[in-house]
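Please open the model in your viewer and keep the sequence at hand.

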Amino acid sequence: MEVFFKKTLIIIALIMVVLVLGIMLTLIIESIPSMKSLGLKYLWGKTWDPVNNVYGAYPFLLGTLLTSFISLIISIPFSFAIAVYLGEYNSKGWLSNVLKNLVELIAAVPSVIYGFWGLLVLVPLVRAFEIKFNILPYGIGIFTSSIVLAIMIIPYAASMGRELIKMVPSNLKEGAYSLGATRYEVIKNVILPYTKTGLFAGVLLSLGRALGETMAVTMVIGNTTLIPTSIFAPGNTMASVIANEFTEADHTLYLSALIELGLFLFCVTVVINMIGKFLISRYTNK
Amino acid sequence: MKKITQILSIALIAVGFASSAKAQDDKTLLGAGATFPYPLYSKMFSEYNAKTGIQVNYQSIGSGGGILQLTNKTVDFGASDGPMNADQTTKIGAPVLHIPIVSGAVVLTYNLPGDNNGIVLTPDVIADIFLGKITSWSDPRIVSKNKGVNIPALPILVAHRSDGSGTTAIFTSYLSKVSSDWNTKVGQGGAVNWPAGLGGKGNEGVSGLVKQTPGAIGYVELIYALQNKMDYAKVVNKKGKIILPSIASVTAAGNVKLPEDSKIFLTDTDAPDGYPIAGLTWQIIYKEQNYNGRSLDRAKKLLALLWWNIHEGQQYAAPLNYAPLSKEALKVAEKIVKSATYDGKPILK
């Protein structure tokens, strides 16, 4: 039984590895026609023109990075506040439970619902805001999709942060209290430094979600291939372009360019994750 | 991750198709393709089933997907809103037949406060709006054609489809024909590099953008505009007549001499009463039906279905807001269906 169990674990783990490598290999093979025809220009080309077979991923790379990082910046204060409140101030009891479940529910709502909410509720608000400040009042665009994304990714960093903050050994906290620290000082000087790595990992998880989100973004970003000129301008993301154009990509090079976009997104995600891992290990070794 | 599951599920569907095609029973025909005629096809095929006992299993996965399924020989017929392009024709490697079934139209829908249903637009105005050259509703070229109509002086916001679609193919084919500027700068296709405006996913995405933004203009399928009671524009056609898009004017657009293979965009029609932004939708089969070990019986059943679609089946089109084939189009369609062969011999007499 012991051997059998161990072998099953190894096999299942291997299947996952093979699957990821297989996906990467398929993406590479399928994007060969596009790589051959466009070369490296694909990465910084600014035109995406399926009629003339000119493909450049730059506007979508920009859109993906802008929406992901802006949404991250918006979401961090909220997710950390939730984590601290539910982990430290109110970690037990029915209210804490209700709040915890509600936050987790945010992650369970299908993304198309967020898209609709964004389109019907948020877009008019943003448009009114834009009219007030004399910005071209599209309503939809990078900024709107960043807000929608921010709400969607809050629970990832929040749940992880809450669990970690709860796990801070109580003798550390009690030590700080006995030295006369206030609650704020305990949080600032004991809890946050102790959980720093984990909080950062939670943020990374949120970022991963933001990079790959498709449906909600498609509905509120404006889907234009033009390069965004401000954060209120419409744009497009890599995932959204693939979802929009994949089913009707009717010639080889077009399809291949879309798959290369997938490969590119795959690489961007890997690189960002690696940078994150590197940062984590640097801070923990100190 | 989502993308990956998508690719996986496509693979699974393909496997499913492959196995079901192998286990084909004699009572079921398989088809896949365009989403635009799907409501009509499901009505037609259920009537056909009630009449003949033959079941037609149609998957509306998109025109490109339908052609791919036919190329992989996993379906009996594909369905598409646009004729197959050069790339697809090379890939399929055998002669195919395009059988026109019905036609549909693309209408310009807009959001202008006030009572102004049915404003008139000329071809050059439409092209310049979508090129981003005309940016205000108060442009003299719009106002001069709509005397007495209350058009507020709003900036124009262009809304287009963000996903690849037959609707876009029809619309850009029209723009390419009426504007040389559009033809050289943008061209025609199911997805193009739009010089202006915002993209919405699907008819509902475009109409959502238009409904929300005063001053917006977009294009959707006629059937979608009718179902949702949206305002749409009258268009001046090639003969200079002002045409309201309707089932009659769309059918009329197809009442011209069609090429023998029917592979044509009906846009910018010569027909005097025809609405100029219209297009056919096709069912596509292999010309030689003896492939992959198909039986003569199966080929006969398929051809009988297609014959029925262009004759008795046509009565179900108008109630669902599709435009039935014109007389000219029907003649061409009959000829095409008759040209299908089994071992080089015609199947229908």
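This is a predicted model: local features need pLDDT of at least 70, side-chain atom pairs count only at pLDDT 80 or more; totals for chains, interfaces and linings use all residues.

Two strands are said to pair if DSSP finds at least two bridges between them.

**First stop: a strand pair in chain B**

Select residues 157–161 and 216–221 of chain B, which are strand S6 and strand S8. These strands pair in the parallel sense over three bridges.

Now widen the selection to the open sheet of chain B, in which eight strands follow the order S2-S1-S3-S11-S4-S8-S6-S7 with mixed pairing. At its edges are strand S2 (55–59) and strand S7 (198–200) of chain B, each of which pairs on one side only. On average, and with direction ignored, neighbouring strands of the sheet are turned by 25° against each other.

Turn to chain A, whose secondary structure comes to twelve helices and two strands. Read from the N terminus, the elements run α-α-α-β-β-α-α-α-α-α-α-α-α-α. The C-alpha trace of chain A spans about 70 × 65 × 35 Å along its principal axes. Of the 286 residues in chain A, 40% are buried.

Select helix H4 (residues 58–89) and helix H9 (residues 183–212) of chain A. Their axes come within 9 Å and cross at roughly 140°, which makes H4(A) oblique to H9(A). The crossing is right-handed. To see the contact, display side chains on both helices: H4(A) contributes residues including A:Thr64, A:Ser71 and A:Glu88, while H9(A) contributes A:Ile187, A:Val203 and A:Leu211, among others. The contact residues comprise nine nonpolar, six polar and one charged.

**Last stop: where the chains meet**

Finally, show both chains together. In all, 32 residues of chain A are in contact with 29 residues of chain B. On the chain A side, the elements that give two or more residues are strand S1 (48–49), helix H6 (111–132), helix H10 (215–221), helix H11 (238–245) and helix H12 (252–285). Which of these elements gives the most? H11(A) does, with four residues. The chain A side as a whole divides into 13 nonpolar, 15 polar and four charged residues.

Methods. Residues are numbered from 1 along each chain as its sequence is written. Chains are lettered from A and ligands numbered from 1 in the order in which they are written. Axes are lines fitted to C-alpha atoms, for helices over the stretch in contact, and angles run from 0 to 180 degrees between N-to-C directions. Angles under 35 degrees count as roughly parallel, over 145 as roughly antiparallel, 65 to 115 as roughly perpendicular and the rest as oblique. A crossing is left-handed if the near helix is turned anticlockwise from the far one by less than a right angle, and right-handed if clockwise. Two residues are in contact if their C-beta atoms, placed from the backbone, lie within 7 Å. Ala, Val, Leu, Ile, Met, Phe, Trp, Tyr, Cys and Pro count as nonpolar, Asp, Glu, Lys and Arg as charged, and the others, Gly among them, as polar. A residue is buried if 20 or more other C-beta atoms lie within 10 Å of its own, exposed if 12 or fewer, and partly exposed in between; C-beta atoms are placed from the backbone.
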